[in-house]
Amino acid sequence: MASLRSIVQFRKFSNAEQQPRCSDYILCSVPSWNEIILYGNTRGRHPPRILTYGCQVHNNMEDRKIFHELPPMLTWNGLCDTYEEWQELCDAARKYITSPEPPRWKQAYSSKHEILLDDITPEQWDCPRDVRRALQSKRRRRTWFDHPEPGASFSYEQWKQGQFTGRAISPQRVGKFPDPLHHDHIPNPVYPGDTHFHTEGLRNDHIVATSIYVVEAKNVTQARVAFEHEDKIHAGELECEVPDALSTVLDVDHWEIFEERPPRALHTFGSVQITEGRLLSWPNTYRSKQESFRLRDHSQPGNMTLIKLRLVDPHYRVCSTRNVPPQQHDWWAAAARQAANLDKRLPRELVLSVMEQADWSMSVVEARRLREEFHGDHERSRKVIDECVGHHVVTFLPYDGRVATDATEATGAGYESP
């Protein structure tokens, strides 16, 4: 669960500065690219900002006298001699059901009802089994957990600089993968809005980082770029007696037992403002989406002008543009006719025939067709990526040591990329 600010870099240009040139944008992007580029086969920095493999749960299955006085298999007249005695038990149950609860975000178990008393009908108050069910729901809601926070094991600066990171807040269930003592420091390292989160380009484009610089923004609402990250959570690494609590700790949707598949392995990190004069950079391991914006005053024109730079992997050698001939047929035809002085050397009809039959360059019609195919490739790639996103496995955890070890080895759980 890395800090968004630690991954996304931005710079604000002052109004006193002269309007930057394109080379200035690239120059300012290099330091931030050095900070965010991650080398090797990895989806992000390790360890994560919160180094934990579980959480501490408190007040789980608390023992109260009322639970011993209400066995579920008897009727009220089988428990009490008189109806008045039964009402005294019900009053004790009401007192417990209305007792204080921890905040919803600290409750270890998922709860769907706000007020339990509203869900009990008068007829159910005469049924010990229904009353006990309400008591059990209350007992679950009174179970709470310590929410781990960044900095408990190490500070942000320690994490960023790769210094000693300390031990995990809650250790792994299976000690196959030791807690890291150090990790690699990397010194060098809307348009109306996007419909889907995406990475920039296809794999063969070798894009590793992106920068956006907002040149001008007039009469438009605040635009933002949102980010999410694929990050599988392996049940084999986790240790918690109440798995539901981990859904909140790790920001994973609760997985009900009757649901077909567990939650998708995507974490949303929030969004960052893009404002005039700001340079924003992020690595291509993050999926991004430009959020929508609109005119502030619909009676006046407005615009947002931005420059987007994409960094190709500096470790991958690409063909230089100086080795690529011109691709635009109209430009090439005009330049070739002038350079070869063809209009003076050949009849006009013959010159036009030569220009039309030169098929290695690209016409406007062909360029538009290829662009449509290019967009189609990106759309197909996006759909494939969405289908390939894995799933978190949190709720069903094997607590037997042997089973946990087998699960860890089978899933390849650990610090390596899933």
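Modeller: Terms first: helices (H or I, at least four residues) and strands (E, at least two) are DSSP runs, numbered from the N terminus. This is a predicted model, where local features need pLDDT of at least 70, side-chain atom pairs count only at pLDDT 80 or more, and totals for chains, interfaces and linings use all residues. Residues are numbered from 1 along each chain as its sequence is written, and side-chain values use heavy atoms, with hydrogens and water left out.

Colleague: How many helices and strands does the protein chain have?

Modeller: There are 13 helices and nine strands.

Colleague: And how many salt bridges?

Modeller: The count is 13. The rule asks for a side-chain nitrogen of Lys or Arg within 4 Å of a carboxyl oxygen of Asp or Glu.

Colleague: Which residue does Arg-369 meet in a salt bridge?

Modeller: Glu-373, at 2.4 Å from N to O.

Colleague: Which residues are joined into a network by salt bridges that share partners?

Modeller: Glu-101, Lys-138 and Arg-141.

Colleague: What about Arg-310, which side chain does it meet?

Modeller: Glu-200, in a salt bridge of 2.9 Å from N to O. Arg-310 sits in strand β9 (residues 303-312) and Glu-200 in the loop between α7 (156-161) and β4 (207-218), so the pair ties together parts 110 residues apart in sequence. Glu-200 is buried, at 4% relative accessibility. Arg-310 is partly exposed, at 44%.

Colleague: And Lys-218, what does it pair with?

Modeller: Glu-216, with the closest N and O atoms 3.1 Å apart. Lys-218 is partly exposed at 47% relative accessibility, and Glu-216 is partly exposed at 27%.

Colleague: Switching to the nonpolar side. How many residues are in the largest nonpolar core?

Modeller: It has 16 residues. Those with the most contacts inside it include Trp-86, Ile-97 and Trp-125. A nonpolar core here is a set of buried Ala, Val, Leu, Ile, Met, Phe, Trp, Tyr and Cys residues joined through side-chain atoms within 4.5 Å.

Colleague: Which elements give two or more residues to this core?

Modeller: α3 (65-69), α5 and α6 (128-141). α5 gives the most, with six residues.

Colleague: What else is in α5 (residues 83-97)?

Modeller: Glu-88 is in that helix. Glu-88 is exposed, at 57% relative accessibility. On the surface, Asp-81, Glu-84, Glu-85 and Glu-88 gather in a patch of negative charge. Patch residues have over 30% relative accessible area and no salt bridge; like charges are joined within 9 Å, nonpolar side chains (Val, Leu, Ile, Met, Phe, Trp, Tyr) within 5 Å. Asp and Glu count as negative, Lys and Arg as positive, and His and the chain ends are not counted. The charge is placed at NZ of Lys, CZ of Arg, CG of Asp or CD of Glu.

Colleague: Which residues form a nonpolar patch on the surface?

Modeller: Val-312, Tyr-316 and Val-318, with about 240 Å² of accessible area together. Areas come from the Shrake-Rupley method with a 1.4 Å probe; for residues, only the protein chains shown count as cover. Tyr-316 lies in the loop between β9 and α9 (329-340).

Note on methods
Buried means under 20% relative accessible area, exposed over 50%, partly exposed in between (1.4 Å probe, protein chains only).
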